[in-house]
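Dear colleague,

I am handing over the structure that we spoke about, and below it you will find what came out of a first reading. Please keep it open beside you as you go through the notes.

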Amino acid sequence: MIASLFSRRDFLKILAYGAALLGIRGGVQGFIDKVFAEDSKRPTLVWLSALSCGGCTESFFAIEEPDASELLFNVISLRYNRLTPEDYSNKDFSAISDEDSYLLFVEGSFPQTDEGFCLINGEPAEKLLKDLLQRAEHTVAVGSCASFGGIPSLGPARAASVSDIVKNKNVINLPTCPVHPDHLILIIMHLLYFGYAPELDDYQRPKMFFKNLIHDSCERRTHFENQRFLKDFNDPSQSDYCLYLVGCKGRQTNSDCSKRKWNGNLSWCVDCGAGCNGCAEKNFYTRFSPLFETQDKASELSEDVLKFGAGAVAGASSVWAANKIKERLQKRENSREV
Amino acid sequence: MTVRRLFKSVSRTDNHITLLLELKEGTIVDANLSLLIFRGFEDILADRNIYEIPYFASRICGKCFSSHQIAAVRAIENALSIEVPYIAILARNLMLASVFLINNLRNFYQNALPDFVNLRRVLEYSGSDEELLILKDRVKKMLESKDTSPFASIEQVDEMVIDYPSDVIQLVFNSKKAIKIQNIAGKMGTLLGGKYPHYQSIIVGGVSRKPNLEDIVKFKSFLDEVSSFVKEVYAPDVISLVLGPLLESTQNGIGMGFENYLCYKDFFNPIENKYLFPSGIIISGKLDILEDNFFDNIIEDSSYSFQKDLNEINLKKANAYTFCLAPRYKGLPFETGPLARLLILKEKNLTKLMNQYSLKPGFGLRHLARALETVLIVDEMYAWLEDLLNLISKEEAVVIRREKENNLKELAAGFHESPCGTTIHTIEISRNFIKNYRVIGGSTWNASPKDSRGLRGPAEESLIGLRLKNEKQTPLMVRRILNSFDLCSKCATH
């Protein structure tokens, strides 16, 4: 039965992946029977795209295992997403009939000043969200915009997140900008197999992804402990040093990027030398601004650092905490120079 | 007698676009293309520290994120008079080109192709290819359950539709394969950019890390896979579609619009000191020079836009029907994108095919140009990769330059030829902070509304004169023509 749908290799991949990451052992056959049963319809995944860049949709195509093409053709039915053209007879969202059950994935935030800032098929986005929410089995806010408002909340639309709009419904937030492809597929598998949401933290983020700080398992952690900080991007001897002084926010950010990396374990923000910008945290774009400078800089940490940064003022809320860290760092810095 | 008809969903793939058509005896005489999404990035980017601008600009569009990121970076580098090191130029070219591969494949296989294929014919496939038979089984179940995601079936069959069972099933199979190839192209970007989508390593002055040998070896093995798909599957598919079912309409120039095209030089190879795409404009079919300071003469007309002026919105404005502004150079609308680039480049394969089959610009030629452009870029990527390999072997190789911070220019611009058109970011800086920010996305040109002189945007103009049958849904031909522009409401309105 399964062999007709998957090549052997893909099948094994799904088995290994699902079993290992979701902790399913004896339940693998059950998972397959439920999700891939031959006669039943594919589970429907309705995708609502409001004020966003559409990058989270791209993340869908970046799903590695199972390979996105198998996933889209064989496993689930992704609807109303711009990657999957619709049959015109079903184009209208109202075509999702009452008896249909579906998972609702929301990308982007919702305008609060005027609904005219985001119309989907000529209808206000917030109205569609409220309609679709009523019959959704589970609702997942995908990416920083849907989870916490995101960058559009700074604009004239003053956009709000999904949980701001529907306070009485349990929404699963999957922040990071864009959503991590692994988080996306794992949450889909979790919801389809178990039928209930995973354990969530205070920000409604699944604990299985957002429990620990990036800093905890960072590959450059040893350099941090030994006070080896990157100051010059052009110096090959510094190239794998800690990025704290060039603005890495891994110490304040909860996510598993440092363990999981991105796009099939190839690289991630710290590995490519730019550092973490804290996109898994609420309002990271204001809290952690300036993103590519350390927030300690307010009181001259070192001249080398200043060479790479412009005279910016850190957000008031973070200055206090940052000052504490800075004092410690400065002590270490001084002791090393002596 | 004229009839007005509103279509609430125009493209299969962008939910924010609606279209109002005015028909006279079944012929389109006027078109209003409405892009109904607005986030206000020009407002969001103002007052920010210049070093974090590229990060935010990248979030203008998730599909061609790198084009806004690079345009922002280049604008700031221009303002600081930074000369970007060669390694960074080449690494950036490779990252930007990866996005081209994804975007161009997606436009054909996921957006446009379903409108040229009669999916039901898959069931009549009688061959013995094992993979195709599995697919046939899958499509059968899709049609039975009336849910064909991620492909789509069309509601009517006309002369432009591919109807032969073994062709149809092969195309659907290629469309599935294309998803996998886009995934691989995304990994190429990740190797140098840190993650896909939204690269992390493109920062002001260069790139944040020197690519190493491992990156380049992996990159090449991914590129080999993508390149063979592009040359052996994608380009032949498009060529046989355009020279087959679409031949007559391409010879008649259906969906032509104005014959005005614009392209600003991009994809610089510092070793050979040459641009892959040269600057130029074509006005009513005549090629001319485009000056480097041409952006001084671009006027963004707001007569029919909810944007009154920069950063000022009036949703109740009379006559306004879109959030997109209308950029006009020398008072004229210009089409930008793959067709514009290749016509200005006088690309030899395109010129040859145009002469041999007497093809005219139109929706068929747009698809053809996009495919030939992809081939061109893939070939160039091998050259960049080799040059990059030579450069990183030198020890003193520099990846970033930022020293000239004191010579701050107050006004500067950054350009990029993005997959959907010419992207321009203009900035005004005071004391390391952004005072004013202005974005013209690739699609802003193509999806622009009418201007004060009543000149339509290129996409609107391309629909004029089209004869329609009495259809309830968005007419198939309208969708085909608009898809060929690769319109993106996020880029256009930002």
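A salt bridge here is a side-chain nitrogen of Lys or Arg within 4 Å of a carboxyl oxygen of Asp or Glu. One such pair joins the side chains of B:Arg209 and A:Asp271, at 4.0 Å from N to O, and the rule finds seven salt bridges across the interface of chain A and chain B.

This is a predicted model, in which local features need pLDDT of at least 70 and side-chain atom pairs count only at pLDDT 80 or more, while totals for chains, interfaces and linings use all residues. Residues are numbered from 1 along each chain as its sequence is written, chains are lettered from A and ligands numbered from 1 in the order in which they are written, and side-chain values use heavy atoms, with hydrogens and water left out.

Counting contact as heavy atoms within 4.5 Å, 85 residues of chain A are in contact with 90 residues of chain B.

Within chain B, helix α10 (residues 348-357) has B:Leu350, B:Leu353 and B:Met354 buried, where buried means under 20% relative accessible area and exposed over 50%, with partly exposed in between (1.4 Å probe, protein chains only); helices are DSSP runs of H or I, at least four residues, numbered from the N terminus. These three lie on the same side of α10(B), because they cover an arc of only 100° around the axis, taken from the directions from the helix axis to the C-beta atoms. The face turned away from that buried side carries the exposed B:Lys348, B:Lys352, B:Asn355 and B:Gln356.

Best wishes

Notes
Helices (H or I, at least four residues) and strands (E, at least two) are DSSP runs, numbered from the N terminus.
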